[in-house]
Amino acid sequence: MKVYVKVVRESEVMDLNKAVRIDEDNESIKRIKERCINCGRCKTICEEVVGIKYDNEKAKKAVCINCGQCILNCPVASLVPKYDYKKVLNYLHDTEKIVTISLAPAIRSSIGEGFNLEVGTFLEKELVGALKEVGFDYVFDVTFGADMTVMEEATELVNRLKNKKTLPMFTSCCPSWVKYLEIYHPEKIDHLSTVKSPIGIQSSLLNTYFLKMNELDKKNIINVVVVPCTSKKFEIKRTEMGMDIAITTNELVMLLKESNIDITKTTPSEFSPLFSKGSGSGTIFGRSGGVMEATLRCANYLLTEKDKVINFLDLAENNKSGTIKRATVNIGPYNLRVAAVTGMPSLEEILKELDSYDFIEVMNCPNGCVGGGGQVLSPIAKMNEINLERGEALTKDDNSNNIRFCYKNPDVINIYKTYLDYPNSPKALKIIHTNFKDRSDILGE
Ligand code: SF4
Ligand code: SF4
Ligand code: SF4
C-alpha cells in the first residue's frame, strides 16, 4: 500500500494577519500550527475583548498577557495551554518527594464539567478525596491564601486612605492585568496594591511557615497549584512567587482521568491542616466583584470594628456590557468610590476618569476567574452563560458559609498569632508583599 504524506509548510497554515502571534518561549500558551484554519477568531478576541494591540514590526517579541482567552475561543484547539501535569505525575511517582497541591477557589465550581456533571456543580470535599487518592501528600485550599490577600489588601487600603497616599488603589491578584499595566501604563505602578496574589501568598507561606512547622527541607518538597488561569504559569516565574508548578483546571481533569479516578465516586475528604479553611469572602475571589466585596467587608471591620456583609453586586450600577460595575459605599468616615472592571478595553475607560475612584478591582477575564483561560472548554456560544452559572455557585457557597469574613478564618488568625504578627507588619511586608516592574520596552517604541 502506498502512503502519501503531504508536506505542510508553515506559510501554508499560518496567517499572522489572522492568528495571534505566540512566541516559542510563551510561558502559558502553545500553538499547534497544523490545526489552524486561519479563522481569525483568536486575533479578534485578543485585540477587541482582551485589548492587546501593538505594532508587530516594532515589538521586540509577541505582546501577550498570558490570559488564554484565545484558547477558549479557538474552534479547532490549535491554541492550547502549555501542559505541565505530566511533570506532576512524575513527582507523584518519586518516593523521595513530598508533593503538596493547593486548589484555587474557582476550580470547585467548574471541575465537574470535565466529568460530564451539570454546569455549576460545586465539588470540594470530593475533589480533596480524589487528590488524596491520586497520592498528593497534602491538599491545601487557596481560599486561605485569598483570605490572607484580603487581610493585607484591606489594611493597605485603609492605610492609604488615612495617610492620603496614592489612590485609587488597584487590586493586583490578576497577573494578566498586572502585566498589562507594566507594559502599557508603567507610570501607574504605584496604584497597584503590593500584596501578593492568593497563590503568591500561599507559596511564600508554604516555603517558610509550613516547612518550619513540619521540620521539612525545601529540597524534598514540590508545591503544585491548580488554577483556572493560564497566566499563573507566567506568574509563578516572577521573582518570589515560588510555586513549583501551576496546572489548569483542564489539566487536573486529564491528570485524574489518566490516574483512573472518577471524581463522582471518590470518598470525600477534608483539606490538610494549616491552610485548610477559607471564608465565604475568599471563595468569591473566583468571580468578578468578589475581591471588591471581600475587601470592603474587611475594611469596614478595620474602620468600625463591626461585621457587615457588603453585597457589592447588589449595590453596583453596571455599564451596558456588564464589564464595569460602579458604586459608592459608605464605610466608617469614608464614602468610598469603587469600581470592578473586567477586560482591558473597559479598564482604559476607567483610566480616563481615575480621579473619580478610591479603589478599583481589575480582572482580565470575562466574569473574572470563572471565565479563565485554563478552565474546562465549553461551547463558544454558551461561554458567558456558563461563566455566570459558575460564579453563581461561588456566591451560593459564600451565602451558606458559616464564616463570611476573612478575619474570622481560624487559620488566618493562627498565622498572624504564631508567625506574621499583624497585617502589613514588617514581616508580612517582607514575605507576602511584592513589587512590579516596567515592561514597556517590549513594545519597542
Ligand atoms: S493569551 Fe491573551 S494576550 Fe496572549 S495572545 Fe492569547 S488572548 Fe492575546
Ligand atoms: S482561532 Fe484557532 S483556528 Fe482560528 S486563527 Fe486562531 S489559532 Fe487559527
Ligand atoms: S481574571 Fe483570573 S483567570 Fe483571568 S487572567 Fe486574571 S487571574 Fe487569571
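Trainee: How many residues does helix α15 have, and what span does it reach?
Mentor: In this predicted model, α15 covers residues 383–400, which is 18 residues. From its first C-alpha to its last it reaches 26 Å, close to the 26 Å expected at 1.5 Å a residue.

Trainee: Which residues of α15 are buried?
Mentor: M383, I386, N387, R390, G391, A393, L394, T395, D397 and D398 are buried.

Trainee: And what do the buried residues of α15 pack against?
Mentor: They pack against three helices: α3 (69–73), α11 (280–283) and α12 (290–304).

Trainee: Switching to ligand 1. What surrounds ligand 1?
Mentor: The residues around ligand 1 are I22, I29, C46, V50, I52, C64, I65, N66, C67, G68 and C70.

Trainee: How does that shell split by class?
Mentor: There are 9 nonpolar and 2 polar residues around ligand 1, and no charged ones.

Trainee: Now salt bridges. How many does the structure hold?
Mentor: The structure holds 26 salt bridges. One of them pairs K188 with E187, where the closest N and O atoms are 3.2 Å apart.

Trainee: Is K188 buried or exposed?
Mentor: K188 counts as buried because its relative accessibility is 18%, and the cut-off for buried is under 20%.

Trainee: What about E235, which residue does E235 bridge to?
Mentor: E235 forms a salt bridge with K232, and the closest N and O atoms are 3.2 Å apart. Both E235 and K232 are buried.

Trainee: Why are E235 and K232 separated by about one helical turn?
Mentor: Because they sit 3 residues apart in helix α9, which runs over residues 231–235.

Trainee: Which residue does D358 form a salt bridge with?
Mentor: D358 bridges to R337, with the closest N and O atoms 3.2 Å apart. That pair links distant parts of the chain, since D358 and R337 are 21 residues apart. D358 lies in the loop between α14 (344–351) and β11 (359–363), while R337 belongs to strand β10 (residues 334–342).

Trainee: How accessible are they, starting with D358?
Mentor: D358 is buried, at 9% relative accessible area. R337 is partly exposed, at 32%.

Trainee: Which residues do salt bridges with shared partners join into one network?
Mentor: R287, E293, R297, D398 and R404 are joined that way.

Methods
Residues are numbered from 1 along each chain as its sequence is written. Chains are lettered from A and ligands numbered from 1 in the order in which they are written. This is a predicted model: local features need pLDDT of at least 70, side-chain atom pairs count only at pLDDT 80 or more; totals for chains, interfaces and linings use all residues. Side-chain values use heavy atoms; hydrogens and water are left out. A residue is near a molecule or strand if one of its heavy atoms lies within 4 Å of it. Ala, Val, Leu, Ile, Met, Phe, Trp, Tyr, Cys and Pro count as nonpolar, Asp, Glu, Lys and Arg as charged, and the others, Gly among them, as polar. Helices (H or I, at least four residues) and strands (E, at least two) are DSSP runs, numbered from the N terminus. The expected span of a helix is 1.5 Å times one less than its number of residues. Buried means under 20% relative accessible area, exposed over 50%, partly exposed in between (1.4 Å probe, protein chains only). Contact means heavy atoms within 4.5 Å. A salt bridge is a side-chain nitrogen of Lys or Arg within 4 Å of a carboxyl oxygen of Asp or Glu.
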